[in-house]
Amino acid sequence: MCGRYDLIVIGQALAARFGVAPEQAVVVGQNWQPRYNIAPSQLNPVVVRGVTADDQGKHLVRMKLGLVPSWAREPKTSFSTINARAKTITQKPAFRKLLSGKRCLVPATGYFEWAISDGAEEKQPYRVQVTSDDNDEDQILAMAGLYDVWKGQYGEPLLIYTIITTEASPGIRGLHERMPVILSREDEEVWLDPGMKDTERLLRLLRPYPDEKISPYRVGRGVGSWASPNSGPGNDRVELIRAA
């Protein structure tokens with residue numbers, strides 16, 4: 001499960017990390033400020049690659065977290081699918097179609113999970129801090145995602161995305177049975193490649209992240225406060241990622 005995550009970097013670092021040209025990052029990249037509690041229904045940076053012969057570059061695009069079914073009259077959170085399970089991604093027509101041509105990277109610097117603590121009535125939130133291949137704790141990571149375009153009753157388009165999850169690594173199973181797919185730098189390029197049509201190879205990328213690069217720690221319950229699309233500082237502040 002992955003419904004809350006953080007991206008605590010500024011826009012310039014985000015664009016540089018994914019090799020997005022400055023002219024392609026003006027709106028999304030340059031204006032992005034650190035976020036400590038990203039939630040479903042919010043608009044967040046997603047990395048896609050151009051799919052035309054004249055455009056093979058990477059783009060930072062803001063999309064809404066949570067796929068919305070085409071029949072929905074409004075993009076309500078109650079309708080949305082914020083996660084897609086790797087093991088069933090080829091069995092569901094909607095996901096299978098996106099896997100073939102609408103793959104994206106979801107930048108993050110950590111994510112949140114909730115676990116039942118002994119004697120506690122409420123679930124205890126944890127922040128899962130993940131280190132990169134370079135063992136850099138400040139590294140911006142890439143979660144595997146799928147995206148689509150939802151159109152409202154008047155034809156207005158809305159870019160939407162979902163985060164792919166896979167079975168949890170042994171070190172995470174005490175928190176949840178699933179975890180987001182975090183791609184290596186090499187796998188990021190394969191995942192974004194619009195010419196990659198080998199489904200079996202793509203599925204092999206959707207594996208658990210190594211335990212030695214994962215460090216979960218307890219955080220305060222304030223992170224569980226619902227964050228609306230226009231959330232204020234009360235539920236999006238640096239204190240939310242501090243150890244409790």
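I began with burial and found that 51% of the 244 residues in the protein chain are buried, where buried means under 20% relative accessible area, exposed over 50% and partly exposed in between, taken with a 1.4 Å probe on protein chains only. I note that this is a predicted model, in which local features need pLDDT of at least 70 and side-chain atom pairs count only at pLDDT 80 or more, while totals for chains, interfaces and linings use all residues. Residues are numbered from 1 along each chain as its sequence is written, and side-chain values use heavy atoms, with hydrogens and water left out.

**Overall layout**

I then looked up the secondary structure, and the protein chain has four helices and twelve strands; these are DSSP runs numbered from the N terminus, with helices being H or I of at least four residues and strands E of at least two. For contacts, meaning heavy atoms within 4.5 Å, I found that among those between residues at least 6 apart in sequence, 70% join residues at least 24 apart.

**Helix α2**

In helix α2, residues 93-101, I listed Phe95, Leu98 and Leu99 as the buried residues. Seen down the axis of α2, they fall within an arc of 105°, so they line one face of the helix; the arc is that of the directions from the helix axis to the C-beta atoms. Turned away from this buried side is a face with the exposed residues Pro93 and Lys97. I also traced what the buried residues of α2 pack against, and found β5 (83-85), β6 (103-108), β9 (141-151), α3 (185-192) and α4 (199-204).

**The cores**

Next I turned to nonpolar cores, each a set of buried Ala, Val, Leu, Ile, Met, Phe, Trp, Tyr and Cys residues joined through side-chain atoms within 4.5 Å. The largest has 64 residues, of which Tyr5, Tyr161, Ile164 and Trp191 touch the most other members, and its largest share, seven residues, comes from β9. Another core, of six residues, lies apart from it and includes Tyr36, Val223, Leu240 and Ile241. Trp191 came up again when I checked charges over rings, since the charged end of Arg103 sits 5.7 Å from the centre of the Trp191 ring, over that ring; the test asks for NZ of Lys or CZ of Arg within 6 Å of the ring centre and within 35 degrees of the ring normal. Arg17 likewise lies over the face of Phe18, at 4.4 Å from the ring centre.

**Thr109**

Which residue would sit in the loop between β6 and β7 (110-116)? I found Thr109 there, buried with a relative accessible area of 5%. Its side chain makes a polar contact of 2.5 Å with the side chain of Asp6, a polar contact being a pair of N or O atoms within 3.5 Å, where within protein one must be able to donate a hydrogen and the other to accept it, and residues adjacent in sequence count only if both atoms are side-chain atoms. A polar atom of the Thr109 side chain also lies 3.1 Å from the backbone nitrogen of Ile8.

Arg242, in the segment after β12 (214-218), is partly exposed, with a relative accessible area of 47%.

Most residues other than glycine have a negative phi. Ser41 is buried, with a relative accessible area of 8%.
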